[in-house]
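Please read them beside the model.

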Amino acid sequence: MVGIDLFSGAGGMSIGATMAGVRISLAIEADRSAAATYAQNHPNTPVLQKDIRLVDPLSIPQISKLKRTKEPTVIFGGPPCRGFSTSNQRTRSASNPSNWLFREYTRFVKTIHPDWIVFENVRGIIETERGAFLEHIMRELKKIGYTLSFGVLNAKDFGIPQDRSRLFIIGSLHGVSLPLPKGKSHRQITVQEALSDLPELENGASSDMLRYPVKASTSYAKMLRGTLTHCSGHLVTRNASYVLSRYRHIPQGGNWEQIPSRLMKNYADPSRCHTGIYYRLKENEPSIVIGNFRKNMLIHPRQDRGLSVREAARLQSFPDWFRFTGSIGFQQQQVGNAVPPFLAKAIFQELLSINQSGDCT
């Protein structure tokens with residue numbers, strides 16, 4: 001199967017698709033740093049770094065070739081989701097132009113008519129404008145000719161150490177109603193299992209490439225680590241001393257509410273802080289959502305500092321060979337925005353199993 005990754009970001013969905021057996025022929029991503037990361041980690045896939053609204057699909061050689069191929073095809077991706085996020089109440093409406101970028105996804109689908117489509121977004125899209133955006137997307141895809149299945153999947157149910165729910169729509173051009181994959185029945189992977197073999201780091205750590213200090217002792221760490229002796233991404237935001245003094249008061253599972261009020265005087269009204277602000281991860285449970293982990297001040301379970309890029313990537317299920325590029329802020333954003341590769345892998349495995357069975361035509 002051949003795929004096109006729209007709004008690819010750093011390439012989390014492409015990693016999962018590739019793991020499942022999809023060959024990615026093209027990625028389109030507007031952000032320069034994310035596109036550079038994608039290109040570095042997918043050297044055999046051309047990356048078009050451009051605003052998708054300015055792209056004519058038929059002008060791209062890879063798409064022209066794809067339309068002539070006899071191989072099954074899939075278009076996948078997730079338009080920017082900040083406007084649909086439940087933590088972004090000010091822009092969760094039809095007046096936010098970013099909330100209409102899904103039309104670019106449907107435009108490409110209408111032009112190319114792939115055999116399959118996979119659409120991903122935050123679960124908040126179900127509630128935004130009382131479901132009007134989701135209904136619009138479904139209606140447009142059905143008009144093009146797709147039989148659709150949709151639902152919300154949680155990463156923690158698929159062997160990923162993170163409580164992260166995402167909406168997926170899967171569509172078939174050949175009348176197949178494909179059920180979403182079911183989560184694994186075994187126990188959930190914890191933060192400790194994901195991070196225990198990584199180096200201890202200081203506030204503001206800046207040594208990108210480091211040797212593993214110990215052998216991996218968990219199957220999850222072994223799987224992401226492979227045969228590597230070193231890995232990248234050991235970068236930590238340098239927090240001010242007054243921020244570090246706040247961290248020391250927060251137990252695992254605690255947040256800003258445990259910080260003494262005398263240390264929160266720069267907040268006009270600390271009670272308005274989101275519950276995920278200054279949250280210290282519980283080592284014996286999956287992580288909370290790895291979104292903007294620098295802005296939210298997510299705290300390492302045992303060390304008084306923020307998460308490193310590699311630690312966040314581990315909690316997202318990125319393999320350790322994957323290298324993020326750009327400044328630390330751009331790398332953190334790329335990790336937080338990504339679809340967990342193992343979750344994408346489960347979706348594409350389900351799709352490929354139906355396609356290979358011959359039930360897709």
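1. Nine aromatic pairs are counted. The rule takes rings of Phe, Tyr and Trp (its six-membered ring) with centres within 6.5 Å; planes under 30 degrees apart are stacked, over 60 edge-to-face, the rest tilted. The model is predicted: local features need pLDDT of at least 70, side-chain atom pairs pLDDT 80 or more, while totals for chains, interfaces and linings use all residues. Residues are numbered from 1 along each chain as its sequence is written, and side-chain values use heavy atoms, without hydrogens and water.

2. Y105 and F119 pair edge-to-face, at 5.2 Å between centres and 85 degrees between planes. Y105 lies in helix α4 (residues 102-112) and F119 in strand β5 (residues 116-122), so the pair links distant parts of the chain, 14 residues apart. Helices (H or I, at least four residues) and strands (E, at least two) are DSSP runs, numbered from the N terminus. Both Y105 and F119 are buried (under 20% relative accessible area, 1.4 Å probe, protein chains only; exposed is over 50%, partly exposed in between).

3. F322 and F324 form a tilted pair: 4.9 Å between centres, 55 degrees between planes. F322 is buried at 0% relative accessible area, F324 at 7%. Ring pairs join F318, W321, F322 and F324 into a cluster.

4. R225 places its charged end over the ring of Y212, 3.8 Å from the centre. The criterion is NZ of Lys or CZ of Arg within 6 Å of the ring centre and within 35 degrees of the ring normal.

5. I63, L66 and K67 of α3 meet F108, T111 and I112 of α4 (heavy atoms within 4.5 Å).
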